[in-house]
Amino acid sequence: MLAMPEINHIKKLRNIKSLSINEISKRTGFSWVTVKKYADGDQLPTEKIVEKKGMMYQEGWGEIVIDWLVEDYALKKKARRNNKNIFEGLQKLGFPGSYRTVCDFIKNEWKEKMLDQSDEMKEEYERLTHPPAEAQIDFGITEAIEDGKAKDIHALVMSFPYSNAGFAVPLPAENQECFLEGLKMLFNQTGFVPRNLRLDNLSAAVVKARGRGQETVFNEEFLRFANHYGFEAQACNARKGNEKGHVENKVGYVRYNFFTPSPVIRDITHLRALLFEQCKKDHQRLHYKKDIVIADLFEEEKKYGLALPESDYPVFKQSMVTANKYGEVRIDGALVHVPKSYHYGKLHLILYWDHYKVVSHNGEVLSTGPRLYMNQTREIPWQSILKNWKQKPRSIVYSRYFPYLPGRIAYYLNINSMKLRKERVEWLLSLIINHDMQEIDEKFYELLPDEKQFDSSSDDSTNHPYDVDWSIYDSLQPTVKAGV
């Protein structure tokens, strides 16, 4: 395309000096076709609408990605899907494209428009070197779905900077009992004890952080635990997270790759097994710098570690308590009734990481039960989710929340007709006000509307919003509950 001064010159030669196309072509050096186009043609502006092409736009895959990104944008950043999660989710739906195609689409259609620019200056840190059998430890909070409800998970992550291997165990809290029990689990998973263990100033281990020329003061129980396993504890300086930057990165890696979206679990033991398998699978990739498989590096690193002791360290906290006049003892901030506690003046309260027991002075176990935090869950905000699904019924089956639906309800919504999907979502919305999702699933047959209230003149079962052959679904259910 010619520039405007050249176009104006051609127009002037044609219209003012009345030169022929051949003459103008000779004078300007442009081809006859080009001269003809600009000399006699009208150069009117037109709207330029670029039609985006490719499978992400023409086959609808981009719409699914945008739906996921919009859905995740309402969540905290650590709970959002990353590019890898999105690509794997698309593959499950039959996506034929590459990971790079997905990354480019997200960059062009989302990140460049939504990403906030940060003006903060980053402090330059000294690069630390790490010998074999040195580990770093830290907690990261995430969530899982158990019995249709969200449950906070405190993942204790141990990383080995030398090999880039990482392990994680789920725990219900970050108190000392959970922390020490989690370390035991991690040592058993790795098969050895690291010689040095670098950690933040966790209250479960540290009484007083390093400062003003004084060394870190660890609490006695943690030191006793460290002496039993033989490792040397190294606490970071205050506000120097770069000193354990490897595990902080690993915490984020575990969260984005293993907990996004939130996994559906039977219990915390089930989640522990899932995490261990995920970590072992992750060790099959190449080290980011050494170009050696992480599992091979980790096997070499084991040679430098400490052997596990012959006996596990018993983790518990014991204190003396007194029952009130109602026979109640305060455990984890709540009053718990303890049978026959009024017979005794003082009782022994023994707290383990997942349960407690109350024992009399003569050794009789008067009460036992789970720690209060073991059963703490949050309701999934189904009402707002269903409202969004009502507006976009197409997005239901690939929503991050769809796997969290109880079986009958998921089967009920997984139909091709968008009209029927919307009607069924409306029915769920009318029930969720007074029932939770698990209750709707358990009383599903009772709560289904009477079919007689609908137009019976239509014999097409595919058009009937409640004509479902539930024997097909129920025949898929196990008759015996699977073991943990």
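Reader: In which helix does Trp 32 lie?

Author: Helices and strands are DSSP runs (H or I, at least four residues, for helices; E, at least two, for strands), numbered from the N terminus. Trp 32 belongs to helix H3, residues 32-40. This is a predicted model in which local features need pLDDT of at least 70 and side-chain atom pairs count only at pLDDT 80 or more, whereas totals for chains, interfaces and linings use all residues. Residues are numbered from 1 along each chain as its sequence is written, and side-chain values use heavy atoms, with hydrogens and water left out.

Reader: Does Trp 32 count as buried, partly exposed or exposed, and at what relative accessibility?

Author: Buried means under 20% relative accessible area, exposed over 50%, and partly exposed in between (1.4 Å probe, protein chains only). Trp 32 counts as partly exposed because its relative accessibility is 42%.

Reader: Which residues does Trp 32 touch, not counting residues up to four places away in sequence?

Author: Contact means heavy atoms within 4.5 Å. On that basis Trp 32 touches Ile 21, Asn 22 and Ser 25. The C-alpha atoms of Trp 32 and Ile 21 are 6.6 Å apart, although 11 residues separate the two along the chain. A polar contact is a pair of N or O atoms within 3.5 Å; within protein, one must be able to donate a hydrogen and the other to accept it, and residues adjacent in sequence count only if both atoms are side-chain atoms. The side chains of Trp 32 and Asn 22 make such a contact at 3.0 Å.

Reader: Where is the place of Asn 219?

Author: Asn 219 sits in the loop between strand S6 (217-218) and helix H9 (220-229). Asn 219 counts as buried because its relative accessibility is 13%. Its side chain reaches the backbone nitrogen of Phe 222 at 2.8 Å. Beyond its neighbours within four places in sequence, Asn 219 contacts residues including Gln 176, Ser 203 and Val 207.

Reader: At roughly what angle do the axes of helix H8 and H9 cross?

Author: Axes are lines fitted to C-alpha atoms, for helices over the stretch in contact, and angles run from 0 to 180 degrees between N-to-C directions. The axes of H8 (residues 176-190) and H9 cross at roughly 15° and come within 11 Å. H8 is therefore roughly parallel to H9, as angles under 35 degrees count as roughly parallel, over 145 as roughly antiparallel, 65 to 115 as roughly perpendicular and the rest as oblique. Among the residues making the contact are Gln 176 and Phe 179 of H8 and Phe 222 of H9.
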